[in-house]
Amino acid sequence: MDEIVNKVANSVLEVFDLEDYYPSGIRTQLDISQWLLDGFLLKEKDFREALKNHDWSQFQNHFVAIHCSTDAIIPAWSSILVTVYLSPFAKKVVVGNLTDLETSLYQEILSTLDYSKYQDKPVILKGCSKKPVPESAYIMAIQKLQPFAKSIMYGEACSAVPLYKKSK
């Protein structure tokens, strides 16, 4: 009986897995509409008072996405003021939804990596993930990898889709 050989493990393929860079921490979406009159009208004095009296410590070490769940038209300074109160507690604050938050986190992380180890190597941008890796992170990753990699595929080694091959 022949020995089973893992050809993928023995290949020169480099796997770039975005899950490896997923920052641990609690993600929280904070809805500004809770401090608006009937969820729609921002009365500055009441808004400021509500923020002042809110328990911001509950966001200690959270990644926070500030949004408004209603169709209220709110001034830009409202999210900035909420950020003033969140900043002493939260790890990061963005305006938008949780996908916007993940995109921002990956933008920071991917800009700090050294991609030279992928120089002239075939790379698989690992596809299936158990964590909420946004599609935008894959877009950012391929842009970072492309100047270095010999080729880039997406997915798993057993069923990778070719995306890029450096011209000779």
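**Reading a helix pair in a predicted chain**

Me: How many helices and strands are there in the protein chain?

Reply: There are 4 helices and 7 strands in the protein chain, where helices (H or I, at least four residues) and strands (E, at least two) are DSSP runs numbered from the N terminus. Starting at the N terminus, the elements follow the order β-β-α-β-α-β-α-β-α-β-β. This is a predicted model, in which local features need pLDDT of at least 70 and side-chain atom pairs count only at pLDDT 80 or more, while totals for chains, interfaces and linings use all residues. Residues are numbered from 1 along each chain as its sequence is written, and side-chain values use heavy atoms, with hydrogens and water left out.

Me: How are the axes of helix α3 and helix α4 placed?

Reply: Two packed helices are described by the angle between their axes and the distance between the axes. Here the axes of α3 (residues 98-110) and α4 (residues 135-145), which are lines fitted to C-alpha atoms over the stretch in contact, with angles from 0 to 180 degrees between N-to-C directions, come within 9 Å and cross at roughly 15 degrees. That makes α3 roughly parallel to α4, the term for angles under 35 degrees.

Me: Which residues in α3 and α4 meet?

Reply: With contact meaning heavy atoms within 4.5 Å, T103, Y106, Q107 and L110 in α3 meet S136, A137, M140, A141 and K144 in α4. The residues of this contact divide into 5 nonpolar, 3 polar and 1 charged.

Me: What share of the 168 residues counts as buried?

Reply: Buried residues (under 20% relative accessible area, 1.4 Å probe, protein chains only) make up 38% of the 168 in the protein chain. The C-alpha atoms fill a box of roughly 75 × 40 × 25 Å, taken along the principal axes.

Terms used:
Parallel < 35°, antiparallel > 145°, perpendicular 65-115°, else oblique. Nonpolar A, V, L, I, M, F, W, Y, C, P; charged D, E, K, R; others polar. Buried < 20%, exposed > 50% of the residue type's maximum accessible area, 1.4 Å probe, protein only.
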